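Here is my note on the model, in numbered points. Please read it with the structure open beside you.

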Amino acid sequence: MFKQTLVIPGQICDLNTYIGAERTNRFKAAKIKKDEGELVWALIKQQGLKPCPRPVQIVYKFYCKNKRKDKSNICAFAIKVIEDSLVTAGVLKNDGWDDIIDFSHEWEIDADNPRIEVDIFCPE
């Protein structure tokens, strides 16, 4: 098994912000998802992640600026965007049950360097 790590500087849009956009204008929400997905896709390409044979395990490490938002609000939309981008970039074949064995979350506060680190454990 080998590990690849994707580092996403800053934070991805939280779920409440995305839902609020959907309630006001579905095109605004679609643009948020598109923009966030394109950013993550570009980072995947820039960081040189390679295709993984399935199934994989993923560990999401959220380094948050502070504790103002609840954990599920931070990670729910982010995980969807990240996994969709991993599929679009060809790192994962799909993001279904047969492709991702399991995933977990870890949480830290880093006010100076908020980011998301995504460790992808791929069978060889």
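1. Charges. The protein chain carries 19 positive and 19 negative side chains. The centres of the two sets lie 5 Å apart. Lys and Arg count as positive, Asp and Glu as negative, while His and the chain ends are not counted. Each charge is placed at NZ of Lys, CZ of Arg, CG of Asp or CD of Glu.

2. Ground rules. This is a predicted model, in which local features need pLDDT of at least 70 and side-chain atom pairs count only at pLDDT 80 or more, while totals for chains, interfaces and linings use all residues. Residues are numbered from 1 along each chain as its sequence is written, and side-chain values use heavy atoms, with hydrogens and water left out.

3. Elements. The protein chain has 3 helices and 4 strands. Their order from the N terminus is β-α-α-β-α-β-β. The radius of gyration is 14 Å, close to the 14 Å that the globule rule gives for 124 residues, so the chain is as compact as a globular protein of that length. Helices (H or I, at least four residues) and strands (E, at least two) are DSSP runs, numbered from the N terminus. The radius is taken over C-alpha atoms, and the globule rule is 2.2 Å times the number of residues to the power 0.38. Along its principal axes, the C-alpha trace spans about 45 × 30 × 25 Å.

4. Cover and contacts. Of the 124 residues, 40% are buried. Buried means under 20% relative accessible area, exposed means over 50%, and partly exposed is in between (1.4 Å probe, protein chains only). Now take contacts with a separation of 6 or more: 87% of them join residues 24 or more positions apart. A contact means heavy atoms within 4.5 Å.

5. Strand β2. Which strands pair with β2? Strand β3 (residues 100-109) runs parallel to β2, with 9 bridges. Strand β4 runs antiparallel to β2, with 7 bridges. Two strands pair if DSSP finds at least two bridges between them. Val56 stands opposite Ile100 in β3, and Tyr60 has Val118 in β4 as its bridge partner. Strand β2 (residues 56-64) is mostly covered, with 8 of its 9 residues buried.

6. Strand β4. Val7 has Glu117 in β4 as its bridge partner.

7. Lys3. Look next at this residue in strand β1. Lys3 counts as partly exposed because its relative accessibility is 47%. Leaving out residues up to four places away in sequence, Lys3 touches Asp119, Ile120 and Phe121. Lys3 and Pro123 are 120 residues apart in sequence, yet their C-alpha atoms are 8.9 Å apart.

8. Is Ile32 buried or exposed? Ile32 lies in helix α2 and counts as buried, because its relative accessibility is 18%. Beyond residues up to four places away in sequence, Ile32 touches Cys13, Tyr18, Ala21 and Phe77. From Ile32 to Thr17, 15 residues apart in sequence, the C-alpha distance is 9.5 Å. Lys31 is also in helix α2 (residues 26-46). At 49% relative accessibility, Lys31 counts as partly exposed.
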